[in-house]
Amino acid sequence: MKILHLDSNHELLINQLNDLGCTNHEDYTSSKSEIEAKIANYDGVIIRSRFTIDKQFLDAATHLKFIGRVGAGLENIDCEYAEQKGVYLISAPEGNRNAVGEHTLGMLLSLFNKLNKADKEVRHGKWLREANRGIELDGRTVGLIGYGNMGKAFAKKLRGFDVTVLCYDIKEHVGDVNAKQVSLKEFQEQVEVVSLHTPQTPLTVNMMNSRFINQFKKPFWLLNTARGKSVVTQDLVAALQSGKILGAGLDVLEYEKKSFESLFSNDMPEAFKYLIKADNVLLSPHVAGWTIESKEKLAQTIINKIKAKFY
């Protein structure tokens, strides 16, 4: 097969495809229209998040057998249309789920212990012990919305703590020994920490809005290592100001571009100006699944799935 690589990835991906007898071409700079002009020559595409693979692209890709997305989700691909055209879709959530689990736990512990605030203060010569007294995770109820690869990885990381872990998912019977699946009503009545682990779909876009937030019985901490558009930032800020949300760890933001590689299209929104000044908000640049190890695991997962399907 002839395969076109649109983003750089771990070298093992091309090396192992070469070993399978594939012809690999790399094009990391051409425009989308330039790629569309030649995509009919290829059987496979490997992409991360460079651009959206839409109907126009798929119509031009007349010989395409598969699309490999070196990441967890497929939201930058028109999956329904691709499947109609018989294109096999490959993603690799198994490759970075451990990284996401560790990052989410790190954010939670940092928020509870005010590590971000304390670090900045000590660097400026402030030694404020009482002002940085933390809280403990043990004894609390942690809730996970979405219990697939990422949710399960985070729940596994929580096993060392004396916590109750609940999960809510639109799929039935996904709970396991690490998390009890409950109804949304029970979830919102009990949890003190909410961690999002959902893909970007019409159901999850703007999911965490004022109406949804106010349905929770207790004030809670929010973690989002999933997709930025799941949280309405303005509503999050209002909840932080009112105390309904006690703090937030955000690896993803509503304002990210589709490529996930940059932040703003226009001027900085007012809501984000609040977040960057808030001591109870921790931010990272969409790197929860972005570790040295996950780069290799993601590539290997794609290879394994190509082998299983075509060889």
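Two rings of Phe, Tyr or Trp (its six-membered ring) pair if their centres lie within 6.5 Å. Keep in mind that this is a predicted model.

**Stop 1: the aromatic cluster.** Select Phe187, Phe212, Phe216 and Phe220. Together they form one aromatic cluster. How many aromatic pairs does the structure hold? The count is 8.

**Stop 2: Phe187 and Phe216.** Zoom in on these two rings. Their centres are 6.2 Å apart, with 70° between the planes. Planes over 60 degrees apart count as edge-to-face, so this pair is edge-to-face. Now colour by secondary structure. Phe187 sits in helix α8 (residues 184-190). Phe216 is in the loop between α9 (210-213) and β10 (220-224). The pair therefore ties together parts that are 29 residues apart in sequence. Are these residues buried or exposed? Both Phe187 and Phe216 are buried.

**Stop 3: Phe212 and Phe216.** Phe212 and Phe216 are both buried.

**Stop 4: the charged patch.** Switch to a surface view. Select Arg97, Lys156, Arg159 and Lys297. These residues form a positive surface patch. Pick out Lys156, one of the four. Where is Lys156 found? Look in helix α7 (residues 149-157). Why does Lys156 count as partly exposed? Its relative accessibility is 47%, and partly exposed runs between the buried limit, under 20%, and the exposed limit, over 50%.

How values were computed:
Residues numbered from 1 in each chain as written. Predicted model: local features only at pLDDT ≥ 70, side-chain atom pairs only at ≥ 80, totals over all residues. Heavy atoms only, no water. Patch = residues over 30% accessible without salt bridge, like charges linked within 9 Å, V, L, I, M, F, W, Y side chains within 5 Å. Areas by Shrake-Rupley, 256 points an atom, 1.4 Å probe, with all protein chains shown as cover. Salt bridge = Lys/Arg side-chain N within 4 Å of Asp/Glu carboxyl O. Lys, Arg positive; Asp, Glu negative; His and termini not counted. Charge placed at Lys NZ, Arg CZ, Asp CG, Glu CD. Helix = DSSP H or I, 4+ residues; strand = E, 2+ residues; numbered from the N terminus. Buried < 20%, exposed > 50% of the residue type's maximum accessible area, 1.4 Å probe, protein only. Phe/Tyr/Trp six-rings, centres within 6.5 Å; stacked < 30°, edge-to-face > 60°.
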